[in-house]
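Hello,

Here is the structure we talked about. Please open it alongside this note, and read on for what turned up.

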Amino acid sequence: MIELRNVTKTHHRGETEVHAVRGVTCSIEPSSFNFIVGPSGSGKSSLLYLLGALDNPSSGEILVNGRSLTKFTEPERDAFRRSDVGFIFQNFNLLANLDAVENVLVPFLPQGVSSQLRDEAVELLKQVGLGHRLHHRPAHLSGGEQQRISIARALLKKPQLVLADEPTGELDSKTGAEVFQLLRELSSRNNATVVVVTHDQTYFRPSDRIIRMRDGQLAPTE
Ligand code: ADP
Ligand code: MG
């Protein structure tokens, strides 16, 4: 369970202040599938980064299972980002000189990778349909294949929270639908809570929660 209480985020660009998030209060249920939608510049990415503790709110509070993210110590924040949150980016964020398996294991390379974890990475790549691409580098893979690697990377640690920022923005609609299907399957297997920023309403299902943003605030759902 995630609770946002009057959360704001002000970015500073030179002398200018940009009020990207302007007082958002809402809660996100455990194991739910949520979309954040809204016009470009409405604060969707800023809100997603706050949820993943990739950024700090300027004011307000974010509670994860009753604990305030803003009161975490720096090592606690690192541990939260590393073990509890899986992040999927629009541009995949894969490393060009690593193959598919190594890219899935990237978050774990600093601590060293056990052979069991490597086996799990291979298994996940098989589950996303890339069993025949294990040792390919990103440049030799399609956009859809690259995004499936980044889904495997985000889900390897079985995070309680999966955050995705326009994950299908670079993909055609058929590939996008496949990516969403995988994201739903793998996340529900782990009982993960998923929050996805998207422009494309074709991926919505009736049971999904839609969070609409406008000018940094929640827009009323019609
Ligand atoms: P969205 O994802 O809905 O397009 P963003 O959260 O990326 O919106 O941006 C909201 C506003 O904050 C925009 O005006 C954007 O230019 C600004 N902004 C976002 N990130 C930064 C940053 N790191 N520094 C300065 N301004 C930013
Ligand atoms: Mg954005």
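Leaving aside its neighbours within four places in sequence, which residues is Arg77 in contact with? They are Ala53, Asp55, Asn56, Leu69 and Phe72. Please keep in mind that this is a predicted model.

More on Arg77. The residue lies in helix H2, residues 74-84. Is Arg77 buried or exposed? Arg77 is buried, because its relative accessible area is 7% and the cut-off for buried is under 20%. Its side chain makes a polar contact with the side chain of Asn56, at 2.9 Å. Ala53, one of the contacts of Arg77, follows helix H1 and has a positive phi, near 60°.

The ligand site

Ligand 1 is surrounded by His11, Arg13, Val18, Ala20, Pro39, Ser40, Gly41, Ser42, Gly43, Lys44, Ser45 and Ser46. By type, that shell divides into three nonpolar, seven polar and two charged residues.

- Lys44: a side-chain N or O atom is 2.8 Å from an oxygen atom of ligand 1.
- Arg13: a side-chain N or O atom is 2.9 Å from an oxygen atom of ligand 1.
- Ser42: here a backbone N or O atom lies 3.2 Å from an oxygen atom of ligand 1.

On its own, ligand 1 has 550 Å² of accessible area, and the protein covers 65% of that. Strand E1 (2-13), strand E2 (16-28) and helix H1 (44-51) each give two or more residues to the shell. H1 gives the largest share, three residues.

H1 itself is mostly covered, with six of its eight residues buried. These are Lys44, Ser46, Leu47, Leu48, Leu50 and Leu51.

The cores

In soluble globular proteins, nonpolar side chains tend to be buried together. In this model, the largest nonpolar core has 39 residues. Which of them touch the most other members? Phe35, Leu125, Ile149, Leu156, Leu183 and Val196 do. Two or more residues each come from strand E3 (33-37), helix H3 (100-105), helix H4 (115-127), helix H5 (143-155), strand E7 (161-165), helix H6 (173-189) and strand E8 (193-197).

Take Ile149 from that list. Beyond its neighbours within four places in sequence, Ile149 is in contact with Leu94, Ala100, Asn103, Val104, Leu125, Leu130 and Leu141. There is also a second, separate core of 28 residues, including Leu4, Val24, Ile62 and Phe89.

Three loop residues

Val106 sits in the loop between H3 and H4. It is partly exposed, with a relative accessible area of 23%. Not counting residues up to four places away, Val106 touches Leu95 and Leu98. Its C-alpha atom is 7.7 Å from that of Arg153, which is 47 residues away along the chain.

Phe92 is in the loop between strand E6 (85-88) and H3. It is not a glycine, yet its phi is positive, about 70°. Phe92 counts as buried because its relative accessibility is 9%.

Glu166 lies in the loop between E7 and H6. Its phi is also positive, near 45°, and it is a residue other than glycine. Glu166 is buried, at 15% relative accessible area.

Best wishes

Technical notes:
Residues are numbered from 1 along each chain as its sequence is written. Chains are lettered from A and ligands numbered from 1 in the order in which they are written. This is a predicted model: local features need pLDDT of at least 70, side-chain atom pairs count only at pLDDT 80 or more; totals for chains, interfaces and linings use all residues. Side-chain values use heavy atoms; hydrogens and water are left out. A residue is near a molecule or strand if one of its heavy atoms lies within 4 Å of it. A polar contact is a pair of N or O atoms within 3.5 Å; within protein, one must be able to donate a hydrogen and the other to accept it, and residues adjacent in sequence count only if both atoms are side-chain atoms. Accessible areas come from the Shrake-Rupley method with a 1.4 Å probe; for residues, only the protein chains shown count as cover. Helices (H or I, at least four residues) and strands (E, at least two) are DSSP runs, numbered from the N terminus. Ala, Val, Leu, Ile, Met, Phe, Trp, Tyr, Cys and Pro count as nonpolar, Asp, Glu, Lys and Arg as charged, and the others, Gly among them, as polar. A nonpolar core is a set of buried Ala, Val, Leu, Ile, Met, Phe, Trp, Tyr and Cys residues joined through side-chain atoms within 4.5 Å. Buried means under 20% relative accessible area, exposed over 50%, partly exposed in between (1.4 Å probe, protein chains only). Contact means heavy atoms within 4.5 Å.
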